[in-house]
Amino acid sequence: MSIKNLGTTNSILVVLPSLSVYCECNTPFLFKTKKIFSGVFNMKEFQKKIDNMFGHRDKKRDFHKNFAWFVEEVGELSKAIRIDNRENEKEEFADVLAWLFSLANARNIDLEEVFLQKYHKFCSKCGNNPCKCIKY
Ligand SMILES: [Mg+2]
Ligand SMILES: [Zn+2]
């Protein structure tokens, strides 16, 4: 999966040359078609897409179990970075992002809205862009 910044504030181009989907039993299904989908999404659309794809399952599950799953994906990302497995790292970034959107859906939080509120132009602490915070 590659994500290209188009230079706009909140649009990303998401291109999936191949897509691996994991079911509950963790079995990978690899679709080797040329391109599953491509297009330009804003965060709101992407959040809706994740809801359409996984919401029916994720919302039946206990929120805290889903949160634990999200943390597990963060752990998988951590390991991919630690062992320097670049291909796996890309996949785990996608997993973490998908779970983050799913958790936000369950909590009725619009990630685009809250993200833009906090990070749209300047650092929310020092008011500069680039950030000039001394302590962090
Ligand atoms: Mg993963
Ligand atoms: Zn700052």
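Contacts between residues 24 or more positions apart make up 49% of the chain's contacts with a separation of 6 or more; two residues are in contact if their C-beta atoms, placed from the backbone, lie within 7 Å. Please keep in mind that this is a predicted model, in which local features need pLDDT of at least 70, side-chain atom pairs count only at pLDDT 80 or more, and totals for chains, interfaces and linings use all residues. Residues are numbered from 1 along each chain as its sequence is written, while chains are lettered from A and ligands numbered from 1 in the order in which they are written.

The chain has four helices and five strands, arranged from the N terminus as β-β-β-β-β-α-α-α-α. Helices (H or I, at least four residues) and strands (E, at least two) are DSSP runs, numbered from the N terminus. Of the chain's 136 residues, 7% are buried, that is, with 20 or more other C-beta atoms, placed from the backbone, within 10 Å of their own.

On to confidence: pLDDT is the predictor's confidence in each residue, from 0 to 100. Its mean over the chain is 80, with 70% of residues at 70 or more. Over residues 1-35 pLDDT stays under 50, and the model has 41 contacts beyond four places in sequence for them.

| Element | Mean pLDDT |
|---|---|
| Strand 3 (residues 19-22) | 40, the lowest |
| Helix 2 (residues 63-82) | 98, the highest |

Finally, a helix pair: Met43, Lys44 and Gln47 of helix 1 meet Leu111, Glu112 and Phe115 of helix 4.

Definitions and conventions: A residue is buried if 20 or more other C-beta atoms lie within 10 Å of its own, exposed if 12 or fewer, and partly exposed in between; C-beta atoms are placed from the backbone.
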